[in-house]
Structure formats: structure tokens, C-alpha cells
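Please keep the sequence and the model in view while reading.

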Amino acid sequence: MKTATVDLDQIKARKAQIFPRDPNDAPTHDMREELFELEHKGEIIVQRVPEPYVEVLTKFGRTKKIPIQKTWHHKSCGQCGHIPGYSTSIFWLHRQLGLDFIDPTDQTSCTGWNYYASATSNAVAQAAVMMRNFAAAYETGYFPTIHCGTSFGHYKEAREQLVKHQDLRDGVRRVLDKIGKPLVIPEEIVHYSEWMHALRNEFAKRQVFDLSNITACVHPACHYHKIVPEDAIYDWEIFGGQRTATVTGLIQALGATPADYSTWFDCCGFGFRHVLVQRDFTRSFAVQRKIEVMIMEANPDVVITHDTGCVTTLDKSQFSGKAHNFKVGVPVLSDAQLAALAMGAHPFRVLQLHWHSADWRPLLDKIGLDWKPYWQEFEDDLAKIRRGEKEGVTWADSDTPIRQRENVPTTV
């Protein structure tokens, strides 16, 4: 009987290796070159990134274009149900910068959760869902920006399958022909946190709350930097260019301190299949492998991540840890919520912190934001809605940053 052994020295040596930053030595090919070849043959349409855009570098030093505006927002299935302040913060940031965007109403799920939980239908159906969404964006003239880490990773895998397999393209084309949609693939597949990273200094210019006494731990979404990893943003100035720069770069730009911890690379615990069939495993992993380690090693004021599943898992698993006396109790926000908070977004009309489980009050107290009058204001909104005096909270209620609205001097 053979015994499996693990040579720890080999593992440590492999982890210590520094990967190259020269695109000419990259171990993977550039998918975009094949996209343009297919377009030249008349097989597909490649939707170009609209100008103006920001150029950033990816893992092996290739350039990636990030559109500033004219963006079509492919939302995450879990955002509205679990963390509604996630997407409203992204849109609030666009409005603060005066950027043109679309919040579409005809977008479907990417069905990636089914795919990664081993419940997908077939390759043609899976790719056709992606291509229908891309075609819907193309028809508006706006460029797709993906909110969900899973959709981002899944679409890049599906893109490669489509490029490599003529039979798959033919199958998807037959589906799209029936619904009158063109076969369109974007020049870049862009995650919203890459847009956040590209514009991080613009957010910092509009900051009204000082975050210099805030320590933040980053949880990078697995499906952002582990699926087709060569397409994720890296920066030599952040972790020596050996970890993805998104989220950490934003925290630095806003003046907070990103704190490292030993399980940085680990999953949040969501894991797709076991969050469905082994939820206790998910919760124990989130609490004991991530939150407790962060608290013991870095004692952060907040955890920042860039995916709906990660925010949900890390935030809403802490109640079970509290019941068993584990070290928990740190708020978990998205990078968009952190930037909006720093710029003076209403903590309840925009950030919707009341949907979060872990206690966010100490964080707001520490940056000097007295949340109580804004909670009263939000409760007044709800009372007016119940009495029929108001249909809902609108952008007119929420656009003006709270410090600007009250003519209070900024703390930055």
C-alpha cells in the first residue's frame, strides 16, 4: 500500500518562488490575441473597452484596460438579498464622480454557482447564458463590469472554452440566433473592484472621514485571483507584486493600514458546494481559519473584501462563533462600502449597514461618525413609507455626502 507524503521543504520552496513580471516570459498565452483573430475571421464581435480607460498591469506584466464610465453593471445574485448596500455603494460612487453607467434590468444570473457546485446543465447552456448577458450589454453601447467574483472567474473560463472549441461556438450561436442576439465577447473581462482600484486616488480626493487610525485586513476573493490568475491586477508597490493589488491598494489610498495575517490566501469558507450541503463547515472555516486568525494576528478594526459571497460568509458566520465563545466581532465590508463610507455616504440609506451581522458601530465611532441621527433619519424614512407619504428612499435623499449636507468640516 502506497503512502502519500508531503515534503514541506518543497512546498515552502515553491511558495517562496517569485513569479516573473515579463509578459514575454509569461507561462500563459494572451487570450485577447485569439479573440481578435476570431473577429478577423468573422466568427465573433469583440466589444472594445470604451475611452477613456485606465491601463493597469496584471500578474505577469500584461496591460489591462479598465473603463472609467459607459459601464453596464452585471450585478451579483447575492448582493440584493444579503448585502444591498454593496451595489448601492458602487452606484453612489459612480454618481459622486459624475460617471455614466447603466444598472440593467434584463441581466440574468451567470449560473456560476450551479457550475461550481456540480449542478450545471451542459457547456452550451452555460456559455449561452454568459453570451446573452454580453450581447445585452453590447446592444446598449455600454461595457460590462462584473460585480461578482464568481461570475468574473466563471466568464473567463467560459471565454477560453468558447475561443478554443468551434463546436461550442456553433452551439451557442444557434441559441443566440433564436433570440436574435449577436455573438459578442468583450475585449476585457472587468471586475468592479478593478474599477475601484483604477480610481482609488479619485475616491481619496473626495474623502471626508480620516481613516488613518483604522487597521484593515483584506480577504481576496478566490474566484478573483485564483481562476485564470494571470488576468488579476498586481502592483510592484503592493506585496512586492506577489499578491493581487486590488482592495489593498484602495485601503492604502484611503489612508488606512492594511494588516497582513497568515491565512491571507485561504478561502473565506463559502466554497460553493459545502455552503449548500455542509454549512457548519463553512461557518467553522470562516470563524476559525479566517476571522479568529485575523483578530489574533492583526486585531483589525474592519475586514475588507470584494465579493458578495465573501462578505456574506465572513460577516454572517460570526454569530455562530460568538455562541461558542470564539474570538469574533469584527465588521466585514466591501471595498465599495469602505470608499463610500470615507466619502460620506449615508450609513443606512446607501451603505445599509443594518443588514450586516457583526457590530459595525465601533468602526463608525472610531472614525468620528455619530451614526445615531442617521439611524433616526432612516427610521423616519420607513415611517413615511408605511404611511404612504413616500414610495422609497431615492438618490435625491442620498446623493449629498452627509458632511457636505450639514456643512461640517471634513476630518481629512
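How many cavities of 30 Å³ or more does the count come to? The count comes to one cavity of 30 Å³ or more. The model is a predicted one. The points below treat the cavity, then the pockets, the strands and selected side-chain contacts.

**The cavity**

- The volume of the largest cavity is about 180 Å³.
- Its lining consists of 15 residues, and those nearest the centre are Asp-30, Met-31, Arg-159, Glu-230 and Asp-231.
- At least two lining residues of the largest cavity come from each of α2 (31-40), β3 (63-67) and α7.
- Helix α7 gives the largest share of this lining, with three residues.
- Sorted by class, the lining of the largest cavity holds 10 charged, three polar and two nonpolar residues.

**The largest pocket**

- The largest pocket contains about 620 Å³ of space.
- A total of 19 residues line the largest pocket, and Arg-14, Lys-15, Gln-17, Gln-242 and Phe-265 are the ones nearest its centre.
- Helix α1 (residues 8-16) contributes three residues, the largest share of the lining of the largest pocket.
- The lining of the largest pocket comprises seven nonpolar, six polar and six charged residues.

**The second largest pocket**

- For the second largest pocket, the volume is about 530 Å³.
- This pocket is lined by 29 residues, with His-82, Trp-113, Phe-270, Gly-309 and Thr-312 closest to its centre.
- Five helices are to be noted here: α3 (77-82), α5 (112-116), α7 (149-164), α14 (279-297) and α15 (308-316) each provide at least two residues of the lining of the second largest pocket.
- The largest share of that lining, five residues, belongs to α15.
- By class, the lining of the second largest pocket is made up of 17 polar, seven nonpolar and five charged residues.

**Sheets and strand pairing**

- Two bridges link strand β9 (residues 215-219) to β10 in the parallel sense, and Ala-216 faces Pro-258 of β10 as its opposite residue.
- Another open sheet is formed by four strands in the order β5-β4-β6-β8, again with parallel pairing.
- Its edge strands are β5 (101-102) and β8, and each pairs on one side only.
- Strand β4 (residues 71-74) is paired with β5 in the parallel sense through two bridges, and Thr-71 is set opposite Phe-101 in β5.
- In a regular strand, side chains alternate between the two faces of the sheet.

**A hairpin**

- Strand β2 (residues 53-57) pairs with β3 in the antiparallel sense, over five bridges.
- Within this pairing, Val-56 has Lys-64 in β3 as its bridge partner.
- The strands β2 and β3 make a hairpin that leaves five residues between them, and Gly-61 in the turn has a positive phi of about 90°.
- Strand β3 has a further place in this briefing, as it supplies at least two residues to the lining of the largest cavity.

**Charged side chains**

- Side chains of opposite charge can pair when their charged atoms come close.
- There are 25 salt bridges in the structure.
- One of them joins the side chains of Glu-188 and Arg-32, at 2.7 Å from N to O.
- Because Glu-188 lies in the loop between β7 (184-186) and β8 (190-191) and Arg-32 lies in helix α2, this pair ties together parts that are 156 residues apart in sequence.

**The surroundings of Lys-390**

- Lys-390 is located in the loop between α19 (372-386) and α20 (395-398).
- The side chains of Lys-390 and Asp-397 are joined by a polar contact of 3.0 Å.
- When neighbours within four places in sequence are left aside, Lys-390 has contacts with Asp-381, Lys-384, Ile-385 and Asp-397.

Methods:
Residues numbered from 1 in each chain as written. Predicted model: local features only at pLDDT ≥ 70, side-chain atom pairs only at ≥ 80, totals over all residues. Heavy atoms only, no water. 1 Å grid on protein atoms, 1.4 Å probe; cavity = no way out; pocket = protein on both sides within 12 Å on 5 of 7 lines; lining within 4 Å. Points joined across faces, edges and corners; volume = space filled by probe spheres on them. Nonpolar A, V, L, I, M, F, W, Y, C, P; charged D, E, K, R; others polar. Polar contact = N/O pair within 3.5 Å; in protein donor to acceptor, adjacent residues only side chain to side chain. Contact = heavy atoms within 4.5 Å. Pairing = 2+ DSSP bridges. Salt bridge = Lys/Arg side-chain N within 4 Å of Asp/Glu carboxyl O.
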